[in-house]
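Hi,

Here is the structure I said I would pass on.

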Amino acid sequence: MTETNREVPPLELAPARPEDAPELVAFHNRTYGARRTSDFWNWKYRDHLPGKSVYVVARSGGDVVGTQGMIPIRLCLAERVELTGKSENSLVDTGFRGRGLWNRMYREALAQCRDRGMTAVWGFTPVESARRGLARLGFAIHDVMVQAVAVLNTGPMLKVIWNSQESILGRLGAAVATPGAWCWSKLRRRGSKNDIEYGCGPFPAGLATGEIAALYEHIDRDSPDLVHLDMNEEYLRWRVLEHPRFRHELWHARRNGKLVAIALVNESQLLRPAILELAFVEQRDAAGLLARMTELYTASGAGALTFWANRTNRHGRMLLAAARGLGFFSRPARSSFVVKDIADSGEPRMDPSRWLLSALWFEGYAV
Ligand SMILES: CC(C)(COP(=O)(O)OP(=O)(O)OC[C@H]1O[C@@H](n2cnc3c(N)ncnc32)[C@H](O)[C@@H]1OP(=O)(O)O)[C@@H](O)C(=O)NCCC(=O)NCCS
């Protein structure tokens, strides 16, 4: 036994029990200086697809010193719906880092994911040591995401920049560039024509049952290989309506009465609403809806409208092209997309260009 092992009580790994929620939330809150509640933990790990989530807790002397969660998410992969795990809440107490604890917890979590019938585990991370740790666990790490931003109003945009996590130099650079970016965005938007009917509001925002599923079926017919959320009313009710922290707005566009685009926006930070999902049939539908959104968010005094997209994917490229026409800038996202196939069936689900990444759990706070 090494000196270190003698000093530290043995580590025990166990699945989280419902009564552990306050302790687990407190462990994360202590580390991040946050004030999350057990409601949020229950919403993530208990309310959706009950019995399918995974949450491994490491304890030393009874105290929580590490966590690894997997939220169960159903994805559509080439005409099939598969259960997958969204990696969440990777955290090791500072006093226990660098000893391979995360790797141990993760291997245990992956085994439980397989037991639940999950076929893949995926997530996003901006953290270099996490990227290295995940590569050691057999994950593919892909830098395929871009973040698109339209500057809508300069004063509020300067506030957004000032409150961002950028370095002082980064913030100064962005502040200096803001008036030019605003002028350019405004000029690009001025000529945009728009013949779509649009609507927005809290879910279901006037949409009839089955309309959203029909939109995704349409998208699947055009791009049969696309990997995307099994987006339906049940999922949206949980993800959007029952979300304990964020306020969401659902936008939609119709052409000749038919639903041709939807966008889901996290409006918790009114100065910079973030589009979490923008699914559409044709590029002009995405452009039409984005144009309406930029108009309305400009009028409501937002500083910027932002979204993420996969630049290696046809759908993502169409969205970025539509956005460019409306004065959005894009830059590489900080987070990598990470994915591991755990079904070992040789399916091509690992190809990042197949993934419609914008909606896969981006909360919109990583600006
Ligand atoms: C990322 C994290 C979960 C890794 O946990 P871990 O159990 O320390 O993982 P490892 O033991 O594999 O060590 C990870 C790296 O930290 C290095 N390290 C060594 N001692 C360390 C210490 N005292 N403190 C921090 N890192 C240390 C390790 O050498 C290793 O480096 P390498 O990747 O170059 O080999 C942990 O650092 C953490 O909780 N970070 C904060 C939360 C976070 O960033 N989560 C990921 C978000 S997706």
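Let me start with the core. The largest nonpolar core has 93 residues, and those touching the most other members are Ala261, Ile262, Ala263, Ala286, Leu289, Leu290 and Ala304. Domain 1 (3–118) and domain 2 (145–335 + 348–354) both contribute residues to this core, so it lies between them. By nonpolar core I mean a set of buried Ala, Val, Leu, Ile, Met, Phe, Trp, Tyr and Cys residues joined through C-beta atoms within 7 Å. Buried means that 20 or more other C-beta atoms lie within 10 Å of the residue's own, exposed means 12 or fewer, and partly exposed is in between, with C-beta atoms placed from the backbone.

Before the rest, two words on provenance. This is a predicted model, where local features need pLDDT of at least 70 and side-chain atom pairs count only at pLDDT 80 or more, while totals for chains, interfaces and linings use all residues. Residues are numbered from 1 along each chain as its sequence is written.

Contact here means C-beta atoms, placed from the backbone, within 7 Å.

Next, the domains. The protein chain is divided into domain 1 (3–118) and domain 2 (145–335 + 348–354), with bounds that come from an automatic or database domain assignment. Their C-alpha centres lie 30 Å apart. The contact takes 13 residues from domain 1 and 13 residues from domain 2. On the domain 1 side, helix H3 (38–45) and strand E3 (63–77) each supply at least two residues, and E3 gives the most, with five. By class, that side has eight nonpolar, one polar and four charged residues. For the classes, Ala, Val, Leu, Ile, Met, Phe, Trp, Tyr, Cys and Pro count as nonpolar, Asp, Glu, Lys and Arg as charged, and the others, Gly among them, as polar. Helices (H or I, at least four residues) and strands (E, at least two) are DSSP runs, numbered from the N terminus.

So what sits around the ligand? Of the 16 residues there, Arg97, Gly98, Trp102, Thr125 and Arg132 come nearest. The elements that give two or more residues to this shell are strand E4 (80–92), helix H4 (101–115) and helix H5 (128–136). H5 has the largest share, four residues. The shell divides into six nonpolar, seven polar and three charged residues.

Now some backbone details. The peptide bond from Phe203 to Pro204 is cis, with omega near 5°, and Pro204 is found in the loop between strand E8 (197–201) and helix H8 (211–222). Leu49 is not a glycine, yet has a positive phi of about 45°. Leu49 lies in the loop between H3 and strand E2 (54–60) and is partly exposed, with 17 other C-beta atoms within 10 Å. Asn89, also not a glycine, has a positive phi of about 55°. Asn89 is in strand E4 and is buried, with 21 other C-beta atoms within 10 Å.

Finally, a few loop residues. Glu166 is in the loop between helix H6 (154–162) and helix H7 (168–190) and is partly exposed, with 15 other C-beta atoms within 10 Å. Setting aside neighbours within four places in sequence, Glu166 is in contact with Arg171 and Ala174. Asn194 lies in the loop between H7 and E8, and touches Gly288, Ala291 and Arg292, not counting residues up to four places away in sequence. Arg245, in the loop between helix H9 (233–241) and strand E10 (248–255), is exposed, with 12 other C-beta atoms within 10 Å.

Cheers

Notes: A residue is near a molecule or strand if its C-beta atom, placed from the backbone, lies within 6 Å of it. Two residues are in contact if their C-beta atoms, placed from the backbone, lie within 7 Å.
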